[in-house]
Amino acid sequence: MLWLSADLKFRIKQKGEYLPLLQGKSLGMIFEKRSTRTRLSTETGFALLGGHPCFLTTQDIHLGVNESLMDTARVLSSMTDAVLARVYKQSDLDILAKEASIPIINGLSDLYHPIQILADYLTLQEHYGSLKGLTLSWIGDGNNILHSIMMSAAKFGMHLQVATPKGYEPDPSITKLAEQYAKENGTKLSLMNDPLEAARGGNALITDTWISMGQEEEKKKRLQAFQGYQVTMKTAEVAASDWTFLHCLPRKPEEVDDEVFYSPRSLVFPEAENRKWTIMAVMVSLLTDYSPQLQKPKF
C-alpha cells in the first residue's frame, strides 16, 4: 500500500495524470467523531479517483440507535462498495466488519488509527529513503496512534522507544503482541516513563494529543500527569543528528513547542498531505486490481 501511495502521488501530483480508477464506485463514510484530515483526505481522494463518497454522521443515519449495527452493515453493503468508519468503540467496527459483505476500513477507533500510520511511514520513507533501521521515539499518551505504531514498526525493521506517564501506558495485550513482533523481526521495543530517555538516539520524535475526543472531562488530571512531556529543542538535543518530528494533528502547544513544530525538521504538513495519498492507495488496493507503475521504493 505504501508503494501504491507513492505511485499515485507521483502519477497524479507530479505528472498531472487523471486516473479514474474508482469510477462507478461509492464509499460510505461513517463519522461518529469530528475530523479534518480523515474526512478531507478520504472525500477528496475518493472523488479524485472518479468515485462518489457519501459522508454520514450520527445525525444522518441510525447507527446503533434506531437501527442495529448488524442491519446498518447489511444495508450499506447493498448500496456502497466500501465503508470507512470513524467510531468511538473498536467493538462497533468489529461488528460492522463481521456483518458487512464489503470492506470496512478503520478511520479511527479507541484502539487503533491505522490509516494515520500509513501516512507517517510514507512521510518517513520519503525523507530518509528507507524505513529499515530507523528508531521511532514516542513521547506521550499510550493511545490508538501508538497502538498502531506498535503493531507495525517492527515489521518494517524499525525500533520503537516509548515514554508514557505512569498510568497512561499502552494496552497490555497490544504490548504483548508488539514484543512478539519485535522478537520475530529482530528489532528493539522499549517502554519507559522518561521522555528524554525515549528520545535518545531517535530519528523520528513523535507525539499526539494528550486529551483525545471523549476524554475532555479528564483534561485537568491529564495535563498534570503529562508535565515534562512537551517535545522541545531540549528533547531533540539527545535525539539522532538527523532527527525529524511527526504529529498527526490537531496539535496543542503543551504537546510540542513552536520552535520544534514549525522548524525545518518538522514533517507535520507533508505528513498531513500524505493522509490523502495513502487513503487513496487503501481504496484502490481494496476495490481494483491496479498495480503500481512506479519502481518499488526502498523500505
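**View 1. The whole protein.** The protein has 12 helices and nine strands, where helices (H or I, at least four residues) and strands (E, at least two) are DSSP runs numbered from the N terminus. This is a predicted model, in which local features need pLDDT of at least 70, side-chain atom pairs count only at pLDDT 80 or more, and totals for chains, interfaces and linings use all residues. Residues are numbered from 1 along each chain as its sequence is written, and side-chain values use heavy atoms, leaving out hydrogens and water. Along the principal axes, the C-alpha atoms fill a box of roughly 55 × 45 × 40 Å.

**View 2. The two domains.** Here you can find domain 1 (12–110) and domain 2 (114–271), with bounds from an automatic or database domain assignment. Their contact (heavy atoms within 4.5 Å) takes 13 residues from domain 1 and eight residues from domain 2. The domain centres, taken over C-alpha atoms, are 27 Å apart.

**View 3. The interface.** Two residue pairs, both at pLDDT 80 or more, are in polar contact across the interface of domain 1 and domain 2. Such a contact is a pair of N or O atoms within 3.5 Å; within protein, one must be able to donate a hydrogen and the other to accept it, and residues adjacent in sequence count only if both atoms are side-chain atoms.

**View 4. The domain 1 side.** On the side that touches domain 2, α2 (37–48), β3 (82–86) and β4 (104–108) each give two or more residues. The largest share, four residues, belongs to β4.
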